[in-house]
Amino acid sequence: MDSPGAAKRAVFGALAASWDEAKSGEAIAAGVERGLALLGDVSGLDVVDLGCGPGRLEPFLLPRLGTGSVVAIDFAPEMIGRGASLCPDPRVTWLCRDVLDTGLEDSCAGLVLCFNAFPHFPDAAAVLGEARRWLRPGGRLLLWHDLGRERLAEVHRRAGRAVEGALLPPAAALAATARAGGLLVERAEEDESSYTFLARRPA
Ligand SMILES: C[S@@+](CC[C@H](N)C(=O)[O-])C[C@H]1O[C@@H](n2cnc3c(N)ncnc32)[C@H](O)[C@@H]1O
């Protein structure tokens with residue numbers, strides 16, 4: 001029998017070709033910009049984009065990045081393939097790996113981003129631990145959504161078995177998990193239409 005991870009990977013793989021239609025660039029722009037604006041100047045940073053899908057973040061991120069780079073990670077080959085064809089920018093490395101098996105080295109990143117993807121990862125504490133490991137001292141993790149936690153849970157419930165259990169933890173609970181894992185939490189906020197978590201690896 002297929003594992004839950006394999007079923008989820010197949011679901012996302014099948015959605016890759018039409019992902020852009022489900023939420024257009026215009027529809028996500030305000031939510032994406034709201035998160036990126038919290039970061040200030042990101043030029044020159046090496047970024048990890050977790051659960052990148054077909055690269056919805058990159059058109060917003062790359063103009064801010066200058067000589068920086070992005071490792072865009074997703075476990076669905078169809079998502080990575082579509083991202084690579086839509087965004088052949090040489091600053092982006094498209095990596096088809098599970099978030100907990102990326103092969104990334106310690107301290108390889110100045111910034112880890114995760115937009116609209118975190119609840120799909122089965123072990124939140126382990127993912128935060130990996131993000132901390134990848135970050136250089138002082139580097140930041142931004143994890144954000146353009147939907148509130150309850151609304152997102154409802155969307156996932158309706159989307160079928162493979163994703164129905166994908167729930168965001170309350171922001172305060174995620175903050176506690178992050179602190180226990182050695183991150184400094186700078187922001188952990190949620191309301192009906194958004195969710196924002198920003199943390200830093202201590203310098
Ligand atoms: C809801 S989509 C978001 C995609 C993109 N960030 C966006 O905003 O359009 C979540 C993505 O996470 C990926 N994903 C889910 N579980 C994963 C895992 N364990 N490792 C790597 N990627 C994963 C899925 O394949 C999917 O592309």
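Contact here means that heavy atoms lie within 4.5 Å. The model discussed below is a predicted one.

Q: Which residues does Ser107 touch, not counting residues up to four places away in sequence?
A: Ser107 is found in the loop between strand S3 (92–96) and S4, and at 30% relative accessibility this residue counts as partly exposed. Its C-alpha atom is 4.7 Å from that of Leu135, although Ser107 and Leu135 are 28 residues apart in sequence. When residues up to four places away in sequence are left aside, those in contact with Ser107 are Arg133, Trp134, Leu135, Arg136 and Arg201.

Q: What is phi of Ser107, and what is phi of Asn116?
A: Most residues other than glycine have a negative phi. Asn116 is found in the loop between S4 and H6, and with a relative accessible area of 25% Asn116 is partly exposed. Phi is positive in Ser107, a residue other than glycine, at a value near 55°, and Asn116, which is not a glycine either, has a positive phi of about 55°.

Q: How many of the residues of strand S4 are buried?
A: A residue counts as buried when its relative accessible area is under 20%. Strand S4 covers residues 109–115 and is largely enclosed by the rest of the structure, because the number of its residues that are buried is 7 of the 7.

Q: Which residue in S4 is the bridge partner of Val48?
A: Strand S1 (residues 46–50) and S4 run parallel and are joined by 3 bridges. In S4, the residue that partners Val48 in a bridge is Val112.

Q: Which residues touch the most other members of the largest nonpolar core?
A: The largest nonpolar core has 31 residues, and at least two residues of this core come from each of S1, strand S2 (69–74), S4, H6, S5, helix H8 (171–180) and strand S7 (194–200). A second, separate core of 24 residues includes Val32, Leu36, Leu65 and Leu198. Phe197 touches, among others, Leu128, Leu141, Leu174 and Val185, not counting residues up to four places away in sequence. In the largest core, the residues that touch the most other members are Leu50, Phe118 and Phe197.

Q: What is the radius of gyration of the chain?
A: The secondary structure of the chain comes to 8 helices and 7 strands. For 203 residues the globule rule gives 17 Å, and the chain comes close to that value, so it is as compact as a globular protein of that length, with a radius of gyration of 16 Å.

Q: What share of the contacts in the chain with a separation of 6 or more comes from residues 24 or more positions apart?
A: The C-alpha atoms of the chain fill a box of roughly 45 × 40 × 35 Å, taken along the principal axes, and 45% of the 203 residues count as buried. Among the contacts with a separation of 6 or more, the share that belongs to residues 24 or more positions apart is 68%.

Technical notes: Residues are numbered from 1 along each chain as its sequence is written. This is a predicted model: local features need pLDDT of at least 70, side-chain atom pairs count only at pLDDT 80 or more; totals for chains, interfaces and linings use all residues. Side-chain values use heavy atoms; hydrogens and water are left out. Buried means under 20% relative accessible area, exposed over 50%, partly exposed in between (1.4 Å probe, protein chains only). Helices (H or I, at least four residues) and strands (E, at least two) are DSSP runs, numbered from the N terminus. Two strands pair if DSSP finds at least two bridges between them. The radius of gyration is taken over C-alpha atoms; the globule rule is 2.2 Å times the number of residues to the power 0.38. A nonpolar core is a set of buried Ala, Val, Leu, Ile, Met, Phe, Trp, Tyr and Cys residues joined through side-chain atoms within 4.5 Å.
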